[in-house]
Every structure is written in C-alpha cells, then in structure tokens.
Amino acid sequence: MAYLQPDKPGKVYLPAIREAKEKGEKLVCLTAYDYPTARIIDEAGVDMILVGDSIGNVIHGYGNTIPVTLEEILSACIAVKRGTERAMVIADMPYGSYHINEDEAVRNAIRLMKYGGAEAVKIEGGRNRVNIVKRLVDEEIPVVAHIGLTPQSVYKLGGYRVQGKTAEAAKRLIEDAHLLEEAGAFAIVLELVPREIAEIITKSLKISTIGIGAGAHCDIQVLVLHDLIGMTFGRQPRFVRQYANVRQVIHDAITSWMNDVKSGNYPSEQESYGLPEETKKELNLLMNFQKAYGDNQSSS
Ligand code: KIV
C-alpha cells in the first residue's frame, strides 16, 4: 500500500501548515473521492486533499450530506490515499459518526486513520464540539474544525445560506473559532461566512483558516474539485470559479465514440488483435481436417 512507503520529500503534515501560516504563505485544498483524481490533484501540487462528505452530493447524488456513511468515506479515503504522495489527506467525519458520544467519535476517527490512511479528520460545529475536539486531539488525532455554514445542519438551518451576517451571529462565530483553537484544532474551515468576519478570525487565530465562500483573507482556500472543473449539475454558488468544462469534454468524447461505432469507424485493425501467420496456417489445416473428418463421419 502506498501509505506504507517512505514519505515523498515535502510531504505535508501539521508543521508545514503551521509554517505556512507563520510565513503568510497561501495553501490550497481540494476534495477527492477516488484514486485518479487524488493522483492528478497531488501531482498538480495541491497541499491538502479533503475526502469530503460532499461525496454525498457530488458522487452519490443524495442531494445533501446527511445520508453519507462512515463506510463510504472510508472506502473513498483508501482510494484517495493510494493516489496521494505529498498532500495531507483529511477525512470528513460524516453525520452520525461523532454525534452519539466521544468514545464513538474516537473509534470512528481511528478507523479513518488506521484503515483509510487519513492524516487528519474534519468535524462540523462550534462550541458544541469543543469536548469532542479535545478528546480526539488527546488521542493523537489531528482535527480540522468547520464553522459557518455546516451542511450537516441543513435541516436545522433550512437551507444553504451565508452565516454570521448579524453582529450577534458574527460575534458567536468569532468566539467559536477561538474555542476550537483552544480545544486543539489545527485548522478551521469557514464556509459561507462574510469576508470581514473571515478576516477577523484569520488574523486573530494562530491556527489556519480554510475558506470556502469566505473571501480572500483565509490562509487556505478549499473548493470541491467537481465545481472547479465543471462536473456538477445545477446552479453553482457565487464563490465557485469554474476553470474547465469537463462535463462537456466527457459528453463530446462519448458522442464521438458512439458515432464511430455506429459508422463502423471503431475499432480499426490497429485497435484489435490479429492471429500470427503461422497460427492462421495451422488453423486452416485443422479446420480442413475437421471438415474432412466430419464429412467422413456423417457419410459412414
Ligand atoms: O465535504 C466537503 O467537501 C466540505 C468542503 C466544502 C469544505 O466540507
């Protein structure tokens, strides 16, 4: 397994994240759920790969992240880890995997690290998760926290909206960020948060902020890869900048292949396998013999 081999030089662990914050260097993070995309992302030099529970929307078509299971994240994480040499692999803890009690949260996080190869886990929530963060960190599990829009609370929130827009809500977000830092999280995702609040949080924390729809001040930017490359359906939120239209590329490739099959243009001789001349001769002899033998048999 790839993760049992020696680390690639420059492998990203916690000290590299801390150092980047100290030096004011921006880092980048993308989601991946399988081996080939993880490999492409890693080879491109992205610093962190998140095996996000966005797998529910992007890959499984669930419509939200609530149904995602630990097994689905685990299986994706194993594949992502095999395709990753340098980037830090972070596994999202899905809804229900850290909500019952701290022991279960630890057990599930350990499964993601031990069998999935995750090097950190991410959990959603603010002050209500402080004890879980502390406990995970006590058990040597690096934790990324996640505040602002927390998609696992979609039923409670009633939709995907920008969070922290009132002074009271903004103050609460800032307090939550500090509580999570004190609890031992090494980074905090800020999702759909006004850029002014993200700036205050980023400047006042020693740990890194990972922004998605939270403006340019965050230490690290994260996007769902499928949004960035145009592999999703429906309207995109305003923070998504689409850099490619891979959906169209795939559609066009499939259409060209279908047309080639139907017109007899695929496969060509070069795209199939022929018999060696010697075998052809032997086969002819064999078939002639069988024909003669068969004729004899039927006339006797
Ligand atoms: O699951 C996910 O992809 C995430 C990012 C949006 C941060 O949590």
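## Paired strands

Strand E3 (residues 88-92) runs parallel to strand E4, and the two are joined by three bridges; strands count as paired if DSSP finds at least two bridges between them. Helices (H or I, at least four residues) and strands (E, at least two) are DSSP runs, numbered from the N terminus. Within this pairing, Asp92 has Lys122 of E4 as its bridge partner. Five of the five residues of E4 are buried, where buried means under 20% relative accessible area, exposed means over 50%, and partly exposed lies in between (1.4 Å probe, protein chains only). Ala120, Lys122 and Glu124 point to one side of E4, while Val121 and Ile123 point the other way.

A further parallel pairing links strand E6 (residues 187-191) with E7 over five bridges. Here Glu191 stands opposite Ile212 of E7. Strand E7 (residues 208-212) has five of its five residues buried, so it is largely enclosed by the rest of the structure. Ser208, Ile210 and Ile212 point one way from E7, and Thr209 and Gly211 point the other way.

## Basis of the model and its domains

The structure is a predicted model, in which local features need pLDDT of at least 70 and side-chain atom pairs count only at pLDDT 80 or more, whereas totals for chains, interfaces and linings use all residues. Residues are numbered from 1 along each chain as its sequence is written, and side-chain values use heavy atoms, with hydrogens and water left out.

The chain is divided into domain 1 (2-228) and domain 2 (251-299), with bounds that come from an automatic or database domain assignment. The C-alpha centres of domain 1 and domain 2 are 54 Å apart.

## Nonpolar core

The largest nonpolar core contains 76 residues. Such a core is a set of buried Ala, Val, Leu, Ile, Met, Phe, Trp, Tyr and Cys residues joined through side-chain atoms within 4.5 Å. The residues with the most contacts inside this core are Met48, Leu112, Leu136, Ile188 and Leu190.

When residues up to four places away in sequence are not counted, Leu112 touches Leu70, Ile73, Leu74, Ala91, Asp92, Met93, Gly117, Ala118 and Val121. Among these partners is Asp92, the residue whose bridge partner in E4 is Lys122.

## Surroundings of His226

His226 belongs to helix H10 (residues 225-228). Its relative accessibility is 7%, and His226 therefore counts as buried. Leaving aside neighbours within four places in sequence, His226 is in contact with Tyr33, Val58, Ile59, Met231 and Thr232.

## Cysteines

A disulfide is a covalent bond between the sulfur atoms of two cysteines. The criterion applied is a pair of cysteine sulfur atoms within 2.5 Å, and a search of the whole structure finds zero disulfides. Cys29 is in no disulfide, and the nearest cysteine sulfur, that of Cys218, is 12 Å away. The sulfur of Cys218 is likewise too far for a bond, because the closest cysteine sulfur, in Cys29, is at 12 Å. Cys29 is buried at a relative accessible area of 4%, and Cys218 is buried at 0%.

## Salt bridges

Side chains of opposite charge can pair when their charged atoms come close. A salt bridge is a side-chain nitrogen of Lys or Arg within 4 Å of a carboxyl oxygen of Asp or Glu, and the whole structure holds 16 of them. One of these joins the side chains of Lys11 and Glu119 (2.9 Å, N to O). Lys11 lies in the segment before helix H1 (14-23) and Glu119 in the loop between helix H5 (102-114) and strand E4 (120-124), so the pair ties together parts that are 108 residues apart in sequence. Lys11 is buried, with a relative accessible area of 12%, and Glu119 is buried at 12% relative accessibility.

Glu43 and Arg39 form a salt bridge at 3.0 Å, N to O. Both lie in helix H2 (residues 35-44), four residues apart, about one turn of the helix. Glu43 is exposed at 58%, whereas Arg39 is partly exposed at 39%. Asp103 forms a salt bridge with Arg135, the closest N and O atoms being 2.7 Å apart. Asp103 lies in helix H5 and Arg135 in helix H6 (residues 130-138), so this pair ties together parts that are 32 residues apart in sequence. Asp103 is partly exposed at 44% relative accessibility, as is Arg135 at 24%. Salt bridges that share partners also join Arg127, Lys171, Glu175 and Asp176 into one network.

Terms used. Contact means heavy atoms within 4.5 Å.
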